[in-house]
Amino acid sequence: MTPATLIVGLIVLAVVLLALRQLRRDRKQGKCACTGDCSRCSGCH
């Protein structure tokens, strides 16, 4: 594994972790991303 591959992998991992953290925070605060498809609603509001 080259250093460049490792760096890119770590950057991708960091972005994914930050996105998941934000989704978790939004969920705890009662925010949701309603798509208007009630059949897939998880009852976030």
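View 1. Met1, Leu6, Val8, Leu10, Val12, Leu13, Val16, Leu17, Leu20 and Leu23 make a nonpolar surface patch of about 1,000 Å². Patch members have over 30% relative accessible area and no salt bridge, with nonpolar side chains joined within 5 Å; a salt bridge here is a side-chain nitrogen of Lys or Arg within 4 Å of a carboxyl oxygen of Asp or Glu. This is a predicted model, where local features need pLDDT of at least 70 and side-chain atom pairs count only at pLDDT 80 or more, while totals for chains, interfaces and linings use all residues. Numbering runs from 1 along each chain as its sequence is written, and side-chain values use heavy atoms, leaving out hydrogens and water.

**View 2. Leu23 up close.** Leu23, part of the patch, sits in helix α1. Its relative accessible area is 56%, so Leu23 counts as exposed (over 50%, with a 1.4 Å probe and protein chains only).

**View 3. Helix α1 and what follows.** α1 (a DSSP run of H or I, at least four residues) covers residues 3–28 and spans 38 Å from first C-alpha to last, close to the 38 Å expected at 1.5 Å a residue. After α1 comes Gly30, with a positive phi near 85°.

Technical notes:
Helix = DSSP H or I, 4+ residues; strand = E, 2+ residues; numbered from the N terminus. Expected span 1.5 Å × (residues − 1). Patch = residues over 30% accessible without salt bridge, like charges linked within 9 Å, V, L, I, M, F, W, Y side chains within 5 Å. Areas by Shrake-Rupley, 256 points an atom, 1.4 Å probe, with all protein chains shown as cover. Buried < 20%, exposed > 50% of the residue type's maximum accessible area, 1.4 Å probe, protein only.
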